[in-house]
Amino acid sequence: LVDKSGRLFHRAKLSTTDYDTKEALLKAISYKIKRILKKGHISSRDLKGIGIGVPGPVDFKRGLIYYLTNVPGWKNVRLKKILEARFKIPVLIDNDVNLMALGEHRFGAGRGARNLVCITLGTGVGGGIIIDGRLYRGSSSVAGEIGHMPLRETGQRCNCGSFGCFERYVSNSFIVGEIKRRIKAGEHTSIKRLVKDNLSLITPEVISYASKRNDKLAIALWQDIGKRVGIILSGVINLLNPEKIIIGGGLANAGKFLFGAIRDTVNERTLPIHKRTVKITKARLGADAGIVGAAALFL
Ligand SMILES: [Zn+2]
């Protein structure tokens, strides 16, 4: 429950994996919304609307979810229509990273910027674009898929059907896999000791911890990742000329080695004019960005 100044009053949580069918999950979502209203001592008539962000492509105008990669059974779901029938108030559906961009723009690290790009680095890579103060959705409302910008001319097959996509070379699973590979190849690192030789315990957080304690392999890895992010962002910056790039998602906490390499690469690879103008900063609102962004759809 969010007010027009972006203040978050109440929240509820549920796990999509606890529900076997689309109908059961829909019922649980409706129940949670009703509970939040009860907590806030208001009725749905007091709301301007219900904003929803989902991890997948969405037709914003029709309120249709094309599909959700990690939630089975959610294909071509008209969620807007379903929830409007239940609550009798306007419902807007958007992609979660779009809403994160909107949230950071209105209430977070992007306040005051006219043009910005938000990128999330973590399990996958997402993007959201603000142009002239408004969210840019593109002609089929699926703009901003930075994770599927091609990084390599050839390369690993991606789950989007293409190959060599940026996401394949910077995601959590790539980073962890790369460290494991290099440890097995005999490279020296404190990470092995940190996880007590159990390589399955390696996470990006462990690698960050090691890099902050001067582990050479961990630092080199963040620099490699930062370089790739910087290369892709250089393309984004040359194309869109944003004032700000906001980096969120789990890897945004990786620290100075990642951000340093991103900034160095952007300085090296963008047009000279961008060096003075574009700021690369960490997202400020964390997981709340999507929630206040969903509310911002109605402001
Ligand atoms: Zn792809």
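1. In this predicted model, the cover over the buried residues of helix α6 includes α4 (172–184), α5 (191–194), α7 and α8 (256–269). Helix α6 spans residues 204–212, and its buried residues are Pro 204, Val 206, Ile 207, Ser 208, Ala 210 and Ser 211. In an α-helix there are 3.6 residues a turn, so residues three or four places apart point the same way. Just after α6, Asn 214 takes a positive phi of about 65 degrees.

2. Helix α4, named above as part of the cover of α6, holds Phe 174. Is Phe 174 buried or exposed? Phe 174 counts as buried because its relative accessibility is 14%, and the cut-off for a buried residue is under 20%. Leaving aside neighbours within four places in sequence, Phe 174 is in contact with Gln 156, Arg 168, Tyr 169, Ile 225 and Arg 228. By contrast, Ser 5 is 169 residues from Phe 174 in sequence, and their C-alpha atoms are 39 Å apart in space.

3. The next point concerns the metal site. Which residues coordinate the zinc ion? The ligands are His 148, through ND1, and Cys 158, Cys 160 and Cys 165, each through SG, at 2.0 to 2.4 Å. Along the chain, these donors follow the spacing H-x9-C-x1-C-x4-C. The angles among the 4 donor atoms are 102 to 122 degrees, and the site is tetrahedral.

4. How do α3 and α10 lie relative to each other? The axes of α3 (residues 96–107) and α10 (residues 288–296) come within 7 Å and cross at roughly 80 degrees. The two helices are therefore roughly perpendicular to each other, as crossing angles of 65 to 115 degrees fall in that class. On the α3 side, the contact is made by Leu 99, Met 100, Leu 102, Gly 103, Glu 104, Arg 106 and Phe 107. On the α10 side, Ala 289, Gly 290, Val 292, Gly 293, Ala 294 and Ala 296 take part. Sorted by class, the contact has 8 nonpolar, 3 polar and 2 charged residues.

5. One residue of this contact deserves a separate comment. Met 100 lies in helix α3 and is buried, with a relative accessible area of 9%. Not counting residues up to four places away in sequence, Met 100 touches Cys 118, Thr 120, Gly 248, Ala 283, Ala 289 and Gly 290. Of these partners, Ala 289 and Gly 290 belong to the α10 side of the helix contact. Met 100 and Thr 281 are 181 residues apart along the chain, with their C-alpha atoms separated by 14 Å.

6. Most residues other than glycine have a negative phi. Asp 132 has a positive phi, near 50 degrees, and lies in the loop between β7 (125–131) and β8 (134–135). Asn 241 also has a positive phi, of about 50 degrees, although it is not a glycine. The place of Asn 241 is the loop between α7 (216–240) and β9 (244–248). Where accessibility is concerned, Asp 132 is partly exposed at 48%, and Asn 241 is partly exposed at 44%.

Note on methods:
Residues are numbered from 1 along each chain as its sequence is written. This is a predicted model: local features need pLDDT of at least 70, side-chain atom pairs count only at pLDDT 80 or more; totals for chains, interfaces and linings use all residues. Side-chain values use heavy atoms; hydrogens and water are left out. Donors are N, O and S atoms within 2.8 Å of the metal (3.2 Å for Na, K and Ca); water is not among the atoms, so sites may look incomplete. Four donors count as tetrahedral if all angles lie between 85 and 135 degrees; four count as square planar and six as octahedral if opposite donors are over 155 degrees apart and all others between 65 and 115; anything else is irregular. Axes are lines fitted to C-alpha atoms, for helices over the stretch in contact, and angles run from 0 to 180 degrees between N-to-C directions. Helices (H or I, at least four residues) and strands (E, at least two) are DSSP runs, numbered from the N terminus. Angles under 35 degrees count as roughly parallel, over 145 as roughly antiparallel, 65 to 115 as roughly perpendicular and the rest as oblique. Contact means heavy atoms within 4.5 Å. Ala, Val, Leu, Ile, Met, Phe, Trp, Tyr, Cys and Pro count as nonpolar, Asp, Glu, Lys and Arg as charged, and the others, Gly among them, as polar. Buried means under 20% relative accessible area, exposed over 50%, partly exposed in between (1.4 Å probe, protein chains only).
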